[in-house]
Amino acid sequence: MSALTTELLVIDIPGRADGRALDLDLQPGQVWGVLGPNGAGKTTLLHTLAGLRAPRSGQVRISGQPLAQMRRRAVAQQLGLIFQERQDGFPATVLETALIGRHPYLSPWRMEGAEEFQRANEALAALDVGHLKDRLVSTLSGGERQRVAIATVLTQAPDIWLADEPTNHLDLHHQSAVMALLNRQAQSGRTVFMCLHDLNMAARWCDHVLLLYPDGEACWGPAAEMLVPEALEALFNQPLAMATVNGAPVFVPIV
Amino acid sequence: MRPLTIPLMALALCSVSALVLSVTVGSAPVALADVWAVLAGQGNDLANTLVLELRVPRSVAAFVTGGLLAVAGALMQVLLRNPLADPYVLGLSGGAAVGALLAMLAGLGSVVVSGSAFAGALVATLMVFGLAHGTGSWTPSRLLLTGVVVASGWGAIITLMLAISPANRLPGMLYWLMGDMSYARAPWFALVVLVAVCLLVVPFGRSLNVLARGPMQAAALGVSVRPLEWTIYLVASLLTAVAVTTAGSIGFVGLIVPHMLRLVLGNDQRLILPACALAGGTLLTLADTLARTVIAPEQLPVGVITALIGVPTFLFLLYRSR
């Protein structure tokens, strides 16, 4: 059964024509990459899939159920979202921040117990921020905060991962580590759908790709069919050279 | 499990001590043994009147008012995600003050003044609620801006009323504006509201913690953001309206107590909200005790004392914090 499908979905970007409606079918085990220039609507698409914004038309289904009819809590038990931007709000420690990932599963009267603490600690360790767990999030570097945010979703343990530029602010090693972690999630039967800026990351880690054009046009399919220089040059309005390194295509901007 | 109960037990102990102190100290001191005798039903007439009809209602009123204001302030800070928010930030005290001053100007009694203040608070709440709803999208900054602008409107009306009031009514009006416990006589309704709200907000506590991370993050973690935000707004407004009706607009408690507790106890609303009720109550009980004893038999406006105790304590905690 599909993890997430969209039926004639048009995201709502003010002042833009409808373009091509999206009929996506995300299966368990797939890793999707969304590519497109600034302002093409990648973040808006993610928020629409998560039910945080209403679409202009069409609908989203999660495990066959219409998203618009689901309670927020039921959505959060199946779908997690790594935001591109975060508000700090009130001071909170790293461990407290990871623990809120369990919020969708706990009844109002229940306090976090040993199981929740264990999940949060394991998630923080998996993202290499376990040693920071008593620090205030506001005192961390950008990359460390990004890893804490990913650890929060790992604590949430959703079947569908939506990630808005998950490698933002990360150093090279942690970029690869995070992509490997997302891939392991997919291998264990979950679905990953992420916006990316780095074509080479998409080529290396994604099996499906969605190209979003600024005018609302879109095309999607297996990564090998989508990641061809002509299509990408038109998408980003940027001449590219392609090489093959370790069996994966590598794109380099020229001029 | 985090030990939530230890700080609450300590604060409860402080609260009881403050209440006992407040009942025994005054222009006519009552020995602890006499208070005990009265409560056990064996006191003499004088002690009975003093304790049961004067001291206990006033101490409880001060405690409950402080608790209401501190809880309302903590809720407003989460709602608006703004550390400067206090129970009055959205103009509620202004509406209440206009109601109270109108009643005073008409020379009506203290019961009418309280009722009129409550009505004013409700009008102010509904007005900001309706205007912030508007035609566009709803955001905390829009609510904040609407509230602040409406509050300055109330401020102008209050100044106008003070300017045209006969001189003999002015002291009472100024005392009300600075917070005055001497009207407070029947705190039992307010007490019920405070206890009920504390019990109600505990199961909401974790949702509030998530909401404090921003509405998008909260929605992504399964919180129905809009209904929760309106609930917080209405509950905080009700708490403030009850507090203002009991004792006039007492500044400072609602702003400073939640911050003090956050600096010491962290930011888990399940702990902070009941702790606010206890600490706010303790602070205002002590402040009121001072207000009616420092220059007895004259009384000071209690708001002056809360500021004089609160400012240095808060600055000390802020200076010491990480």
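Modeller: Residues are numbered from 1 along each chain as its sequence is written, while chains are lettered from A and ligands numbered from 1 in the order in which they are written. As the model is predicted, local features need pLDDT of at least 70 and side-chain atom pairs count only at pLDDT 80 or more, whereas totals for chains, interfaces and linings use all residues.

Biologist: What makes two residues count as being in contact?

Modeller: Their C-beta atoms, placed from the backbone, must lie within 7 Å. The helices themselves are DSSP runs of H or I with at least four residues, strands are runs of E with at least two, and both are numbered from the N terminus.

Biologist: Why are α2(B) and α3(B) described as roughly perpendicular?

Modeller: Helix α2 (residues 32–39) of chain B packs against helix α3 (residues 45–80) of chain B at an angle of about 85°, and their axes are 10 Å apart. Axes are lines fitted to C-alpha atoms, for helices over the stretch in contact, and angles run from 0 to 180 degrees between N-to-C directions. Angles of 65 to 115 degrees count as roughly perpendicular, under 35 as roughly parallel, over 145 as roughly antiparallel, and the rest as oblique. The pair is therefore roughly perpendicular.

Biologist: What classes of residue form the contact of α2(B) with α3(B)?

Modeller: This contact has five nonpolar residues, one polar and one charged. Here Ala, Val, Leu, Ile, Met, Phe, Trp, Tyr, Cys and Pro count as nonpolar, Asp, Glu, Lys and Arg as charged, and the others, Gly among them, as polar.

Biologist: How many residues of each chain are in contact across the interface of chain A and chain B?

Modeller: Chain A contributes 22 residues, in contact with 19 residues of chain B. Helix α2 (residues 72–78) of chain A gives the most to chain A's side, with four residues. By class, that side has 15 nonpolar, four polar and three charged residues.

Biologist: How do you know that strand β9 of chain A is largely enclosed by the rest of the structure?

Modeller: A residue is buried if 20 or more other C-beta atoms lie within 10 Å of its own, exposed if 12 or fewer, and partly exposed in between, with C-beta atoms placed from the backbone. Five of the five residues of β9(A) (residues 208–212) are buried, so the strand is largely enclosed. On one side the buried residues are A:His208, A:Leu210 and A:Leu212, and on the other A:Val209 and A:Leu211. In a regular strand the side chains alternate between the two faces of the sheet.

Biologist: Why does B:Val304 count as partly exposed?

Modeller: B:Val304 has 18 C-beta neighbours inside 10 Å, so it counts as partly exposed. This residue is in helix α13 (residues 302–320) of chain B.

Biologist: What makes two strands a pair?

Modeller: DSSP must find at least two bridges between them. Strand β3 (residues 31–35) of chain A and β9(A) run parallel and are joined by four bridges, with A:His208 as the bridge partner of A:Trp32. On β10(A), A:His208 has A:Pro222 as its bridge partner, and β9(A) pairs with strand β10 (residues 218–222) in the antiparallel sense over five bridges. Four bridges also join β3(A) to strand β8 (residues 191–195) of chain A in the parallel sense, where A:Trp32 stands opposite A:Phe193.

Biologist: Which residue in the turn between β9(A) and β10(A) has a positive phi?

Modeller: A:Gly216 has a positive phi of about 95°, in a hairpin with five residues between the strands. In the hairpin of β11(A) and β12(A), with two residues between the strands, A:Asn246 takes a positive phi near 55°. Those two strands pair in the antiparallel sense over six bridges.
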